[in-house]
Amino acid sequence: MAIESIKVPDIGGSENVDVIEISVAVGDTVAIDDSLLVLETDKASMEIPSTVAGKVTAIKVKEGDKVSEGDVIFEVETEGGADASGSDKEEPVKNEPAPEPESKAAPAAASAEQDITIPDLGGSENVDVIEICVAVGDEVSEGDSLVVLETDKASLEIPAPASGKIVSIDLKEGDKVSQGDKLGVMTGGATEAPAETPAESSAAPAPASGGSSVEVIPVPDIGGSEGAAVIEISISAGDEIDEGDTLIVLETDKASMEIPAPSAGKVVKVSVKEGDKLSQGDAICEMEVESAAPAAPAPKAESAPQAASAPAASTATTSSGSPVTADNVEVVNSSDVYAGPAVRKLARQLGVDLKKVKGSGPRSRVNKDDVRDYVKNIVADSQSGKSTAGGSGIPAIPAVDFAKFGEIETVKMSKIKKLTADNMVRNWLNIPHVTQWDDADITELEAFRKGLKAEAEKRGSKLTPLPFLLKACAAALVAEPSFNVSMHHDGEHIVQKKYVHIGVAVDTPNGLMVPVIRDVDKKGLWELADDFSAIVKKARDGKLTAADMQGGCFTISSLGAMGGNGFTPIVNAPEVAILGVSKAQMKPVWNGSEFVPRNMLPLALSYDHRAINGADAGRFFTYLTAVVADVRRLLL
Ligand code: CAO
């Protein structure tokens, strides 16, 4: 066992950089390369990985602290002494580059076939190929993205090293690659993706020492990008600026980058305007600078073989001189969202659109917890029925503090009530409902039923209007099979059922349950009455099984014993129709020559208009009311 101190590695010369996120806690076990914390300059955010594997024993910084290279940030207890990676040494951050490639292949004749190899990936090995951007036969321009790689810290696009035609692609999504691996073959110039453009001084010669001179400030090395758009001009003629102040912001299709002043001075003339397209060497502005100060040119990162060479794709520099690499730039793939690469990766894995996530970090930076909370909230809302989860965009009903208005008691909903709520929301929102109303004349039915009362009592059966309605609905489902269907989940088919199972909504102490009576069309009235009584008892005793409530073709919901003229029943998916029964009443009915008192039963038929059209419903309803009005028809 040994305690290793982890220090801030070389962060491209930046000093007093903000700690914006601590990613581990004391006691956590970390592996080499696990993110320990996130630092942020005013231009970029970067994750600092652990250089050893072990247990975090102390965290020497807190969020909001400012750190510089060499500051001790963590202590980690490692197995078996110091780690070979030398945590105590000032190792470069993982995203920092390996040394400059020793040699570059000489450009080949433009038409010759050349291998394309994976360039320096800043030391990363076995990096995932997450996207192949070209196909064999594609004509590409130099710099066009060929593939996208992803480490756990960054995603990087590997650009075409030259203009030409793709002859073969040796990689597929999911492969793992390291520097030097063959990506494919193309016709064209250079054979290797330009991992690093050699540092060049593209600026005007330094003025002689002493006095002042006017210098033309050119666009520094921007990683080989050509025609980068000027999206912001941060200076005006007459401005006094310091070294490192942003002059302009450029944007390629891979990154946006701030171009810093190479030295302090006074802006004499701004040579560009927004929308201009610039390449390395193009004049940005003219500046009056004092003495021979740092030769105007490029910022330090490009003029020196700075440790920080970017992975091939996105080389540019920040004002601090630290490179804008795919590992530390927060603007990749032109998204406006302020988030680091690890957060972007997590969002991609979870299918989260980062634009919808509210960042809780400094300057609204989105961190991993924000992404996780976003997902948790969606899942919770969906499970509670608050959200439609189908993306219908219906705003949630705002929470209300009812206690402000009087005494309240908050009572926990039973599991069944919550399930019912979920089902109701799901069915109401998914099914385009149509409801039709009609009154069925049950005068004869009631006379018949009452005539059977004595017999029912003798049999020990309870004969309410409901078994009659079951029988009548079964007959209507047989007569109008368009009601005995379900929508197939593929959205392309209808499932036509050849059986007739009918559910009945039962009010129980635990909530509303819908047990199903099987083969209603095959059963007689007494059998239906007994089955119904038995299943209602089972429901009210809390003894229904899941199977008792499955397989229904249609539902009857009766509030007849309770009262009311009518209500809108909600279809019980995957069924496509439901009958709502209200309280029968004696009403005057015109028989063609006079009003006669008839016992009228208000019925409401709701149906899924995706599966059933109005004419079908009209036929079904007419048949049903006719059968209810004259139960002898059931014999036909
Ligand atoms: N009109 C007039 N009287 C009616 C009637 C109607 N539509 N339906 C039933 N009655 C009478 C019965 O005949 C019985 O009287 P008698 O004993 O004199 O015959 C009395 O009302 C009580 O009936 P019941 O309630 O015991 O039996 P039921 O078969 O009518 O209903 C059941 C059983 C389980 C459907 C019912 O008790 C129930 O739980 N309904 C709730 C349904 C519900 O909550 N649905 C959700 C609505 S919103 O979607």
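**Notes on loops, ligand shell, sheet and salt bridges**

1. D519 lies in the loop between β31 (516–517) and α8. Helices and strands here are DSSP runs numbered from the N terminus, a helix being H or I over at least four residues and a strand being E over at least two. This is a predicted model, so to speak of local features pLDDT must be at least 70, side-chain atom pairs count only at pLDDT 80 or more, and totals for chains, interfaces and linings use all residues. Residues are numbered from 1 along each chain as its sequence is written, and side-chain values use heavy atoms, with hydrogens and water left out.

2. Staying with D519, please look at its backbone: phi is positive, about 45 degrees, although the residue is not a glycine. D519 is partly exposed, at a relative accessible area of 25%. The scale used is buried for under 20% relative accessible area, exposed for over 50%, and partly exposed in between, with a 1.4 Å probe and protein chains only. D519 also forms a salt bridge with K522, whose closest N and O atoms are 3.8 Å apart. A salt bridge here is a side-chain nitrogen of Lys or Arg within 4 Å of a carboxyl oxygen of Asp or Glu. K522 itself counts as exposed, at 63% relative accessibility.

3. Two other loop sites deserve a look. N16, in the loop between β1 (2–7) and β2 (17–22), is a non-glycine residue with a positive phi, near 50 degrees. Further along, A573 and P574 are joined by a cis peptide bond with omega of about 10 degrees. P574 sits in the loop between β32 and β33 (577–581).

4. Now the ligand: which residues come nearest? Of the 24 residues around it, they are K462, T464, D507, S557 and A584. By type, the shell divides into 13 nonpolar, 5 polar and 6 charged residues. In that grouping Ala, Val, Leu, Ile, Met, Phe, Trp, Tyr, Cys and Pro are nonpolar, Asp, Glu, Lys and Arg are charged, and the others, Gly among them, are polar.

5. The polar contacts are worth checking by eye (pairs of N or O atoms within 3.5 Å; within protein, one must be able to donate a hydrogen and the other to accept it, and residues adjacent in sequence count only if both atoms are side-chain atoms). The side chain of K462 places an N or O atom 2.6 Å from a ligand oxygen. A polar backbone atom of D507 is 2.9 Å from an oxygen atom of the ligand, and a polar backbone atom of S558 is 2.9 Å from a ligand nitrogen. Of the 960 Å² of accessible area that the ligand has on its own, the protein covers 74%; areas come from the Shrake-Rupley method with a 1.4 Å probe, and for residues only the protein chains shown count as cover. α7 (465–479), β29 (506–508), α8 (525–540) and β32 (554–558) are the elements that give two or more residues to this shell.

6. Strands count as paired if DSSP finds at least two bridges between them. β1 and β8 (72–78) are joined by 6 bridges, and K7 has V72 as its bridge partner in β8. In β4 (35–40), 6 of its 6 residues are buried.

7. Finally, the salt bridges: the count comes to 24. In helix α5 (443–451), K450 and E446 lie 4 residues apart, about one turn, and their side chains meet at 4.0 Å, N to O. K450 is exposed, at 53%, whereas E446 is buried, at 10%. In helix α9 (614–629), R619 and D616 meet at 2.7 Å, N to O; being 3 residues apart, they are separated by about one helical turn. R619 is partly exposed at 44%, while D616 is buried at 12%. Salt bridges with shared partners also join D115, D170 and K182 into one network.

Definitions and conventions: A residue is near a molecule or strand if one of its heavy atoms lies within 4 Å of it.
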